[in-house]
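Please read it with the sequence and the 3D view open.

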Amino acid sequence: GEVEKMVAVGLVWGATNALMRKGAIIWDQKLKSTPQPSAPRHPLISTIKNWLNLLLTWQYSLPFVVNLSASATFFAILSDTPISLAVPVTNATTFAATAVFGMLLGEEIHVGLALFGTFLIILGVYLCVM
């Protein structure tokens, strides 16, 4: 039903948030390892070039596209579900999934606190749905 779709959107958002963060770190490392031109560029041109390089980093852009697809699904869900239910369920699931996927990707997280917080989130979502 609709609750399963909301949870699925939250899981996709959480996973892609963690993956995009990892992709942004890869992009940042590439940026720092690239020699910078000696003549200063216009700040707008530098910003556009950096943004394009970020989008060309597949480790960022692929999860970003999947994340946008989940956003489209979320807006479709809103046509059949009250926003007072959809927003807490998807946001709570996203928060928990981001923490779990971040741990799986090797981010430094206080595991005990993250698991306890995730448990509270699952409990809260359960209470919202019931």
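Threonine 94 is found in helix α4. Helices here are DSSP runs of H or I with at least four residues, strands are runs of E with at least two, and both are numbered from the N terminus. The model is a predicted one, in which local features need pLDDT of at least 70 and side-chain atom pairs count only at pLDDT 80 or more, while totals for chains, interfaces and linings use all residues. Residues are numbered from 1 along each chain as its sequence is written, and side-chain values use heavy atoms, with hydrogens and water left out.

Is threonine 94 buried or exposed? Threonine 94 has a relative accessible area of 11%, so it is buried. Buried means under 20% relative accessible area, exposed means over 50%, and partly exposed lies in between (1.4 Å probe, protein chains only). Apart from its neighbours within four places in sequence, threonine 94 is in contact with Gly10, Trp13, Gly14 and Asn17; contact means heavy atoms within 4.5 Å. Threonine 94 and alanine 76 are 18 residues apart along the chain, and 17 Å separates their C-alpha atoms.

Helix α4 covers residues 83–104, which is 22 residues. From its first C-alpha to its last, α4 reaches 31 Å, close to the 32 Å expected at 1.5 Å a residue. The expected span is 1.5 Å times one less than the number of residues in the helix. Among the buried residues of α4 are Ala86, Val89, Thr90, Ala97 and Gly102. The cover over the buried residues of α4 includes α1 (2–33), α3 (58–78) and α5 (111–129). After α4 comes glycine 106, with a positive phi near 90°.

**How the helices pack**

Two packed helices are described by the angle between their axes and the distance between the axes. Axes are lines fitted to C-alpha atoms, for helices over the stretch in contact, and angles run from 0 to 180 degrees between N-to-C directions.

| Pair | Axis distance | Crossing angle |
|---|---|---|
| α1 and α4 | 7 Å | about 40° |
| α4 and α5 | within 9 Å | roughly 160° |
| α1 and α3 | within 8 Å | roughly 155° |

Take α1 and α4, which pack at about 40°. That angle makes α1 oblique to α4. Angles under 35 degrees count as roughly parallel, over 145 as roughly antiparallel, 65 to 115 as roughly perpendicular, and the rest as oblique. The crossing of α1 past α4 is right-handed. A crossing is right-handed if the near helix is turned clockwise from the far one by less than a right angle, and left-handed if anticlockwise. The contact of α1 with α4 has 12 nonpolar, 9 polar and 1 charged residues. In these classes, Ala, Val, Leu, Ile, Met, Phe, Trp, Tyr, Cys and Pro count as nonpolar, Asp, Glu, Lys and Arg as charged, and the others, Gly among them, as polar. Residues of α1 in this contact include Trp13, Asn17 and Arg21, and those of α4 include Thr94, Ala97 and Phe101.

The axes of α4 and α5 cross at roughly 160°. That makes α4 roughly antiparallel to α5, and their crossing is left-handed. The residues of this contact divide into 15 nonpolar, 2 polar and no charged. Leu85, Phe95 and Met103 are among those that α4 brings, and Leu115, Ile121 and Cys128 are among those from α5.

Glycine 117 is found in α5. Its relative accessibility is 21%, so glycine 117 counts as partly exposed.

α3 has 21 residues and reaches 30 Å from first C-alpha to last, close to the expected 30 Å. Its buried residues include Tyr60, Asn67 and Phe74, and the cover over the buried residues of α3 includes α1, α2 (43–55) and α4.

The axes of α1 and α3 cross at roughly 155°. That makes α1 roughly antiparallel to α3, and α1 passes α3 in a left-handed crossing. This contact divides into 15 nonpolar, 7 polar and 2 charged residues.

Glutamine 59 lies in α3 and is partly exposed, at 23% relative accessible area. Leaving aside neighbours within four places in sequence, glutamine 59 is in contact with Leu19, Gly23 and Ile26. Glutamine 59 and glycine 23 are 36 residues apart along the chain, yet 4.6 Å separates their C-alpha atoms.
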